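Please keep the sequence and the coordinates in view while reading.

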Amino acid sequence: MPGDTHDRDPDARDLQDKVVPEKVTFAKEWLRNATDRVRSLVAGDTRPTGERPRVGLALAGGFARGIAHIGVIRALLNAGVPIDCVAGTSVGALIGAVYCAGVPLNDMQRVAALTTFADFGRWTPSWLGLANNLRLERYLQRFTPVKTFEELKTPFAVAASDINAGVTVYYTRGLIGPPLRGSCAYPGLFVPVQFEGRTLVDGFLTAPVPVEGTSLLGADINIAVYLEAGSLTAPRTAADVISRSFSIIQRHADLAWRQQADVIIEPDVKPFVWDDFTRTDELIAVGESAAQAALPDILKVFAADKSRPGLT
């Protein structure tokens with residue numbers, strides 16, 4: 001039959017059998033070389049620690065899609081890229097807090113795979129939102145007993161939006177729980193969080209990717225991780241409608257963070273929906289792949305920085 005593999009030219013089959021493995025080998029070799037070059041460049045920086053460029057990682061929001069951040073972090077660490085500080089918005093703040101507390105990535109992956117909406121949200125329809133996220137603080141304790149920024153092993157900033165003032169508020173001291181809940185309080189879905197005289201909602205409104213936050217923490221090189229939502233399927237719930245509506249607004253907004261970032265990593269999370277926690281392994285793999293693909297860009301930034309003596 002036409003198209004049947006058994007009717008193909010034997011020479012064509014032999015050629016395909018040779019080309020496919022060669023492509024795989026080339027891809028692995030390319031990744032190995034890029035990783036080795038980043039490691040050697042970072043390790044070869046002979047400047048004192050205080051003068052080595054500080055690397056900041058800015059993590060965007062995206063509900064379950066944010067699990068891809070775990071893969072990004074894993075790939076960066078495997079390549080020898082230092083992470084000196086982290087800033088996070090929404091789920092990026094949650095992943096950032098857990099990582100900065102020193103929780104192993106494998107533990108983060110295990111807990112993420114078992115997560116459901118009920119772990120961090122409770123349906124309580126009101127005039128201000130469909131649910132509250134009071135459970136998020138207890139969920140954080142499943143990863144770590146750390147409760148304050150001062151207990152973290154890596155400097156960290158949570159980006160939340162003051163819905164009254166219309167500005168980003170960065171939290172770097174004191175309790176982690178309340179500002180984290182504020183950063184994850186998606187408008188319309190979760191009730192806003194009252195904290196220190198402010199009414200806080202999701203940080204993505206004013207800081208979709210909090211590059212400004214890593215700069216405030218002293219980063220010289222800012223690596224941004226952006227998660228673009230998108231789905232070809234019809235919305236299933238009110239949460240889907242709200243999420244996609246804000247995603248459309250975000251895509252057309254003034255994305256100043258792109259100009260502030262030195263490297264932008266964009267995992268392809270569009271095939272995933274907001275509550276795809278059961279696809280944790282796939283999301284992490286997508287994050288790893290995107291970070292690995294960005295290694296040449298990171299290499300260029302480090303190389304350019306080494307040509308600028310005196311950076312502190």
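In which sense do β4 and β7 pair, and over how many bridges? The model under discussion is a predicted one, and in it β4 and β7 pair in the parallel sense over two bridges. Within this pairing, Gly129 stands opposite Gly188 in β7. The two strands belong to an open sheet of three strands with the order β3-β4-β7 and mixed pairing. Its edge strands are β3 (122-123) and β7 (188-190), each of which pairs on one side only. On the other pairing, β3 and strand β4 (residues 129-132) are joined by two bridges in the antiparallel sense. Here Trp123 stands opposite Ala131 in β4, and Arg122 has Asn132 in β4 as its bridge partner. β3 and β4 form a hairpin, and five residues lie between them.

The wider setting may now be considered. The protein chain contains eleven helices and eleven strands. Of its 312 residues, 51% count as buried. Among contacts between residues at least 6 apart in sequence, 75% join residues at least 24 apart. The chain exposes about 15,200 Å², and carbon and sulfur atoms supply 56% of that area.

Another set of strand pairings involves β1. Strand β1 (residues 55-59) is largely enclosed by the rest of the structure, because five of its five residues are buried. In a regular strand, the side chains alternate between the two faces of the sheet. In β1, Val55, Leu57 and Leu59 point one way, while Gly56 and Ala58 point the other way, and all are buried. Strand β10 (residues 221-225) runs parallel to β1 and is joined to it by five bridges; in this pairing Val55 stands opposite Ile221. Strand β2 (residues 85-89) also pairs with β1 in the parallel sense, over four bridges. The bridge partner of Leu57 in β2 is Val86.

The loop between β1 and α2 holds Phe63. Most residues other than glycine have a negative phi. Phe63, however, has a positive phi near 55°. Is Phe63 buried or exposed? Its relative accessible area is 14%, which is under the 20% cut-off, so Phe63 counts as buried. A second residue with a positive phi is Glu196, at about 50°, although Glu196 is not a glycine. Glu196 lies in the loop between β8 (193-195) and β9 (198-201). The relative accessible area of Glu196 is 62%, and because the cut-off for exposed residues is over 50%, Glu196 counts as exposed.

Helix α3 (residues 91-100) is largely enclosed by the rest of the structure, because ten of its ten residues are buried. Among them are Val91, Leu94, Ile95, Val98, Tyr99 and Cys100, together with Gly92 and Gly96. α3 is followed by Gly102, which has a positive phi near 90°.

Helix α4 (residues 105-113) can be read through its neighbours. Its buried residues are Leu105, Met108, Gln109, Val111 and Ala112, and these pack against α2, α3, α5 (135-140) and α10 (280-293). Two packed helices are described by the angle between their axes and the distance between the axes. How do the axes of α2 and α4 cross? The axes of helix α2 (residues 68-78) and α4 come within 10 Å and cross at roughly 165°. Because angles over 145 degrees count as roughly antiparallel, α2 is roughly antiparallel to α4. On the α2 side, the contact is made by Ile70, Ile73, Arg74 and Leu77; on the α4 side, by Leu105, Asn106, Met108 and Gln109. The crossing of these two helices is left-handed.

The packing of α4 with α10 has another geometry to describe. The axes of α4 and α10 are 9 Å apart, and the helices pack at an angle of about 135°. They are therefore oblique to each other. In this contact, Gln109, Ala112 and Ala113 of α4 meet Thr280, Asp281 and Ile284 of α10.

Terms used
Residues are numbered from 1 along each chain as its sequence is written. This is a predicted model: local features need pLDDT of at least 70, side-chain atom pairs count only at pLDDT 80 or more; totals for chains, interfaces and linings use all residues. Side-chain values use heavy atoms; hydrogens and water are left out. Buried means under 20% relative accessible area, exposed over 50%, partly exposed in between (1.4 Å probe, protein chains only). Contact means heavy atoms within 4.5 Å. Accessible areas come from the Shrake-Rupley method with a 1.4 Å probe; for residues, only the protein chains shown count as cover. Two strands pair if DSSP finds at least two bridges between them. Axes are lines fitted to C-alpha atoms, for helices over the stretch in contact, and angles run from 0 to 180 degrees between N-to-C directions. Angles under 35 degrees count as roughly parallel, over 145 as roughly antiparallel, 65 to 115 as roughly perpendicular and the rest as oblique. A crossing is left-handed if the near helix is turned anticlockwise from the far one by less than a right angle, and right-handed if clockwise.
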